Amino acid sequence: MSESPVREPTFLILTALADAPRHGYAVIEDVLRISDGRVRLRAGTLYAVLDRLRADGFIEVDREEVVQSRLRRYYRLTALGARRLADEAARLRRNADAARLRLRRAGLLPEGGAA
């Protein structure tokens, strides 16, 4: 694949949108949950990434609603975005599998152990 790897925050945003449309704050909360608290997105960062993902055709606006006089926009993954996420997940799995294999060969990871 000639596409460059997806940065972790982008990967997690796509993952957050994989099962259901979400609005920005829900994406921030889900990314925090998915990453076990490691990745904390700021609103400015999130919306810059969402704009880029929309421009690339990986996500689209699902719907908008007004909540407490503020516009809430929900985003969803497109078929192209789902393929990109699946490709990136497969790439990461191949890399992790290669690392575990080498650790086992070197005796640094017990057989059947998870890294």
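These legends describe close-up views of a predicted model.

**Figure 1. The whole chain and its elements.**
The protein in this predicted model has four helices and three strands. Read from the N terminus, the order of these elements is α-β-α-α-β-β-α. Along the principal axes, the C-alpha atoms fill a box of roughly 60 × 30 × 20 Å. The radius of gyration is 17 Å, whereas a compact globule of 115 residues would have a value near 13 Å. Of the 115 residues, 31% count as buried. Among contacts with a separation of 6 or more, 44% are between residues 24 or more positions apart.

**Figure 2. The largest pocket and its lining.**
The volume of the largest pocket is about 330 Å³. Its lining includes His23, Gly24, Tyr25, Ile28, Ala43 and Tyr47. Val67, Gln68, Arg70, Leu71, Arg72 and Arg73 are also lining residues. Helix H2 (24-34), helix H3 (43-55) and strand S3 (70-77) each give at least two residues to this lining. The largest share comes from S3, with four residues. Sorted by class, the lining holds six nonpolar, three polar and three charged residues.

**Figure 3. The loop between S2 and S3.**
Gln68 lies in the loop between strand S2 (59-67) and S3, and Ser69 is found in that loop too. Gln68 is not a glycine, yet its phi is positive, at about 50°. Ser69 is likewise a residue other than glycine with a positive phi, near 65°. Gln68 counts as exposed because its relative accessibility is 76%, which is over the cut-off of 50%. Ser69 has a relative accessible area of 73%, so Ser69 is exposed.

The side chains of Arg52 and Thr10 make a polar contact at 3.0 Å. Arg52 can also be placed relative to Thr15: the two are 37 residues apart in sequence. In space, the C-alpha atoms of Arg52 and Thr15 are 16 Å apart.

Key:
Residues are numbered from 1 along each chain as its sequence is written. This is a predicted model: local features need pLDDT of at least 70, side-chain atom pairs count only at pLDDT 80 or more; totals for chains, interfaces and linings use all residues. Side-chain values use heavy atoms; hydrogens and water are left out. On a 1 Å grid over the protein atoms alone, a cavity is a set of points where a 1.4 Å probe fits but cannot get out, and a pocket is an open set with protein on both sides within 12 Å along at least five of seven lines; lining residues have an atom within 4 Å of a point. Grid points are joined across faces, edges and corners, and a volume is the space filled by probe spheres set on the points. Ala, Val, Leu, Ile, Met, Phe, Trp, Tyr, Cys and Pro count as nonpolar, Asp, Glu, Lys and Arg as charged, and the others, Gly among them, as polar. A polar contact is a pair of N or O atoms within 3.5 Å; within protein, one must be able to donate a hydrogen and the other to accept it, and residues adjacent in sequence count only if both atoms are side-chain atoms. The radius of gyration is taken over C-alpha atoms; the globule rule is 2.2 Å times the number of residues to the power 0.38. Buried means under 20% relative accessible area, exposed over 50%, partly exposed in between (1.4 Å probe, protein chains only). Contact means heavy atoms within 4.5 Å.
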